[in-house]
Amino acid sequence: MRQRLIVGNWKMNLLQAEALAFVDELESAGAVSGDGVEVVICPPYTALAALGGRGLRSITLGAQNCHARQKGAFTGEISAEMLTDAGCRYVILGHSERRRDQHETDVEIGNKANHALHSGLRPIICLGEQLEERQSGRTHEVINRQIDGIIGSAGAQVMSQAVVAYEPVWAIGTGLAATAEQAQEVHSSIREHLIKHGVSGTVPLLYGGSVTGGNAADLFACADIDGALVGGASLKAPEFAVIVQHARDVR
Ligand code: PGA
């Protein structure tokens, strides 16, 4: 059986005191791990240090990026070891905002995944096509190319221990989520392509892009969707709790 996960990506939001108060709210709303679903939140680094110090019971901590090297002269960067030391167990890699703003490539993402895993962090590797790529019928070609590039540098063994998030770029922060059919179609093709590379068929595949309390149940009912990577709705405790509950309801 594949693992199920709900991951909250806070992006560049919440100061330390706000983050501490918000986690209390998440816990009282029931947005916590249970019934075979692991709840992970990925705060900005400053809040992450505060939350790691507090010690969370039923929410796992993750980061939003890490460097591919252990330490050294890399101003402004953070290593996987530092994140593990701060209490993280997961790290999001290759988010489309970083591919866009920091020009991250698939090879770099693969290198980071390799290093993260060897430092005790499980990578959550993001894939996704742009709107014009979907409109011109190139979704599968683009996603397969991303997978090939990442596996080319990380190897199938690392990929087998990662989590993969399919996040169509046109669906992120737009309110225009992929339909369950669109998401399932890409998820099953991702799984097939990973298996062709010798990657385990049990890698959890998350959907991300405008997931809400309203569309989560339909998405989680799909055969190849094992959870969600949630941006905006992870900053609303009651709604995030509804998403978590829908994931728990899947049997
Ligand atoms: P969204 O973001 O849920 O706000 O669309 C998802 C993400 O960027 O991971």
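The expected span of a helix is taken as 1.5 Å times one less than its number of residues, and this rule gives a way into the structure, which is a predicted model.

Helix 1 has a buried side, made up of Ala19, Phe22, Val23, Leu26 and Glu27. When one looks down the axis of helix 1, these buried residues fall within an arc of 140 degrees, so they line one face of the helix. The face of helix 1 that is turned away from the buried side carries the exposed residues Ala17 and Ser28. The buried residues, for their part, are covered by elements that include strand 2 (37-42), helix 2 (45-54) and helix 11 (237-249). Just after helix 1 ends, Gly30 takes a positive phi of about 90 degrees.

Two of these covering elements are helices, and each can be followed in turn. Helix 1 packs against helix 2 at an angle of about 55 degrees, and their axes are 9 Å apart. The crossing in which helix 1 passes helix 2 is right-handed. On the side of helix 1 the contact is made by Gln16, Ala19, Leu20, Val23, Asp24 and Glu27, while helix 2 contributes Thr46, Ala47, Ala50, Leu51 and Arg54.

With helix 11, helix 1 packs at an angle of about 45 degrees, with the two axes 9 Å apart. Helix 1 and helix 11 are therefore oblique to each other, and their crossing is right-handed. Here Phe22, Glu25, Leu26 and Ala29 of helix 1 meet Ala237, Phe240 and Ala241 of helix 11.

At 1.5 Å a residue, the 13 residues of helix 11 should span 18 Å, and its end C-alpha atoms are 18 Å apart, which agrees. The buried residues in helix 11 are Ala237, Phe240, Ala241, Ile243, Val244, Ala247 and Arg248. Seen down the axis of helix 11, these buried residues fall within an arc of 160 degrees, so they line one face of the helix. Among the elements that cover them are strand 1, helix 1, strand 2, helix 10 and strand 8 (227-230).

Another pair of helices is formed by helix 7 (residues 139-154) and helix 9 (residues 180-196), which pack at an angle of about 35 degrees with their axes 10 Å apart. Helix 7 passes helix 9 in a right-handed crossing. In helix 7, the residues Thr139, His140, Ile143, Asn144, Ile147, Asp148 and Ile151 meet Glu185, Val186, Ser189, Ile190, His193 and Leu194 of helix 9.

The loops also deserve attention. Most residues other than glycine have a negative phi. Lys11, however, has a positive phi near 55 degrees; Lys11 is found in the loop between strand 1 (4-9) and helix 1, and it counts as partly exposed because its relative accessibility is 22%. Ser210 likewise has a positive phi, near 60 degrees, and is found in the loop between strand 7 (205-208) and helix 10 (216-220). At 17% relative accessibility, Ser210 counts as buried, since the limit for that word is under 20%.

Pro204 lies in the loop between helix 9 and strand 7, and because its relative accessible area is 2%, Pro204 is buried. Leaving aside residues up to four places away in sequence, Pro204 touches Gln3, Leu5, Arg122, Ala162, Val163, Val164 and Asp226. One of these, Ala162, is 42 residues away from Pro204 along the chain, yet their C-alpha atoms are separated by 7.8 Å.

Finally, Arg100 lies in helix 4 (residues 96-101) and, at 56% relative accessibility, counts as exposed. Arg100 and Val169 are 69 residues apart in sequence, and from C-alpha to C-alpha they are 10 Å apart in space.

Definitions and conventions. Residues numbered from 1 in each chain as written. Predicted model: local features only at pLDDT ≥ 70, side-chain atom pairs only at ≥ 80, totals over all residues. Heavy atoms only, no water. Buried < 20%, exposed > 50% of the residue type's maximum accessible area, 1.4 Å probe, protein only. Helix = DSSP H or I, 4+ residues; strand = E, 2+ residues; numbered from the N terminus. Arc of directions from axis to C-beta. Contact = heavy atoms within 4.5 Å. Axes fitted to C-alpha atoms, helices over the stretch in contact; angles between N-to-C directions. Left-handed = near helix turned anticlockwise from the far one by under 90°. Parallel < 35°, antiparallel > 145°, perpendicular 65-115°, else oblique.
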